[in-house]
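Colleague: Morning! Could you walk me through this model before I open it up myself?

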Amino acid sequence: MAKVALLLCVCVLAVFASVNGHTEKKKVGFYELKRGDMSLKFTNWGATLVSFVLPDKNGKLTDIVLGYDTIDEYKNDTTYFGAIVGRVANRIGGAKYKLNGVTYKLEANEGKNMLHGGPKGYSDVVWKVTKYDNKGHNPHIVFTYHSFDGEEGFPGEILVTVRYTLLADNQLSLVMKAKNLGRKTTPVNLAQHAYWNLGGHNSGDILSEKIQIFASNYTPVDSELIPTGKIEAVQGTPFDFLKPKTIGSRIKQLPNGYDINYALDGVKGCKVRKAALVHDEKSGIEMEISTNAPGLQFYTGNMIKNSKGKDGSVYKAHAAICLETQWYPDYVNNPQWPQSIMHGGKDKYKHEMLYKFSTH
């Protein structure tokens with residue numbers, strides 16, 4: 001394990017994590033990456049993005065992600081603010097799936113369904129910091145988690161790594177990897193669950209921000225937000241953001257707001273390509289997201305209810321958006337869709353994201 005250098009801990013807590021019956025003491029703290037006027041903070045609780053500060057069009061430093069001030073608040077969080085979620089992100093209908101003739105029963109945590117890896121998914125565990133460099137041209141941090149066989153019902157032992165790297169021209173690279181350490185076949189689908197408000201985390205709702213989503217189709221869902229198995233065109237629906245539109249322009253046509261997966265265009269070859277573009281007119285901040293994943297979950301923070309956040313802020317419904325690149329929700333029960341399945345001893349998982357920020 002590489003030496004952890006330049007540790008900037010606002011708060012460090014000693015916790016005990018139990019894995020496969022072995023108990024080890026791990027430190028939980030805050031870490032910072034900085035390049036030019038852009039600075040990010042993380043915690044190894046959930047490999048979580050805590051803050052993202054950059055100048056707006058007037059040069060004012062603005063924190064554009066929702067979050068908390070303390071580790072305890074992250075430990076009690078139910079919104080997944082900034083966390084890495086898995087082993088399988090999003091929803092699995094009935095908290096079960098069938099693969100190679102075997103039915104796997106998982107831990108349900110949203111009614112009868114599983115959401116974001118179960119009651120104790122990757123957002124609620126301590127990750128190891130295996131690399132940390134806040135100097136040089138590409139400041140970076142690497143988090144690692146050893147996921148045991150049977151965790152939340154998933155078969156197979158895997159090693160997960162998440163690398164955040166600050167690049168030139170206000171860019172953030174995120175690479176999520178997994179390696180199958182055993183012989184069992186398992187699904188893997190990691191997602192970054194940051195809540196973005198380009199006007200500032202405490203600036204109110206995001207309904208006036210403009211968004212463009214590079215997807216001609218989406219996956220409709222039932223009343224429990226489980227996909228029906230169909231793929232339908234966005235044209236003529238409130239889900240059509242092929243051209244930039246304000247988020248609030250048609251949100252009232254939906255019962256609660258947006259919480260839907262888009263089938264991104266240009267999936268063939270698993271190449272990194274543009275998934276979404278968001279712009280806040282008041283701050284002038286624009287964010288472009290690219291990915292090699294086939295799907296994008298667009299969520300408008302519908303379930304946020306007077307959540308106390310950083311700097312005394314109170315977050316309300318639609319205080320931010322989530323843009324989670326992913327494999328489609330419940331793909332394990334829809335074999336006709338792109339699959340992310342790691343076979344024992346040979347397959348590897350790699351999920352790439354690139355964030356580009358500009359002002360105008």
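Modeller: Happy to. Strands here are DSSP runs (E, at least two residues) numbered from the N terminus, and two of them pair if DSSP finds at least two bridges between them. This is a predicted model, with local features needing pLDDT of at least 70 and side-chain atom pairs pLDDT 80 or more, while totals for chains, interfaces and linings use all residues. Numbering starts from 1 along each chain as its sequence is written, and side-chain values use heavy atoms, leaving out hydrogens and water.

Colleague: Which residue is the bridge partner of valine 160 in strand 15?

Modeller: Alanine 178. Between the two strands of that hairpin sit three residues, and aspartate 169 has a positive phi near 60 degrees there.

Colleague: And what does strand 13 pair with?

Modeller: Strand 13 (residues 140-147) runs antiparallel to strand 14 (residues 158-167), with eight bridges joining them. Histidine 146 is opposite leucine 159 of strand 14.

Colleague: How many salt bridges did you get?

Modeller: Four, counting a side-chain nitrogen of Lys or Arg within 4 Å of a carboxyl oxygen of Asp or Glu. One of them joins aspartate 63 to lysine 310, at 2.6 Å from N to O. Aspartate 63 is in strand 6 and lysine 310 is in the loop between strand 26 (307-308) and strand 27 (314-315), so the pair links parts 247 residues apart in sequence.

Colleague: Is lysine 310 buried or exposed?

Modeller: Buried, at 4% relative accessibility; aspartate 63 is buried as well, at 14%. Buried means under 20% relative accessible area, exposed over 50%, and partly exposed in between (1.4 Å probe, protein chains only).

Colleague: What about arginine 91 and aspartate 259?

Modeller: Those two form a salt bridge with their closest N and O atoms 3.7 Å apart. Aspartate 259 belongs to strand 22 and arginine 91 to strand 8 (residues 91-92), so this pair ties together parts 168 residues apart in sequence. Arginine 91 is buried at 7%, and aspartate 259 is buried at 16%.

Colleague: Last topic: how many cavities of 30 Å³ or more are there?

Modeller: Two. A cavity is a set of points on a 1 Å grid, over the protein atoms alone, where a 1.4 Å probe fits but cannot get out, and lining residues have an atom within 4 Å of a point.

Colleague: Which residues line the largest cavity?

Modeller: Among them are Asn90, Arg91, Asp259, Gln297 and Pro329. Strand 22 (residues 259-263) gives the largest share of that lining, three residues.

Conventions: On a 1 Å grid over the protein atoms alone, a cavity is a set of points where a 1.4 Å probe fits but cannot get out, and a pocket is an open set with protein on both sides within 12 Å along at least five of seven lines; lining residues have an atom within 4 Å of a point. Grid points are joined across faces, edges and corners, and a volume is the space filled by probe spheres set on the points. Helices (H or I, at least four residues) and strands (E, at least two) are DSSP runs, numbered from the N terminus.
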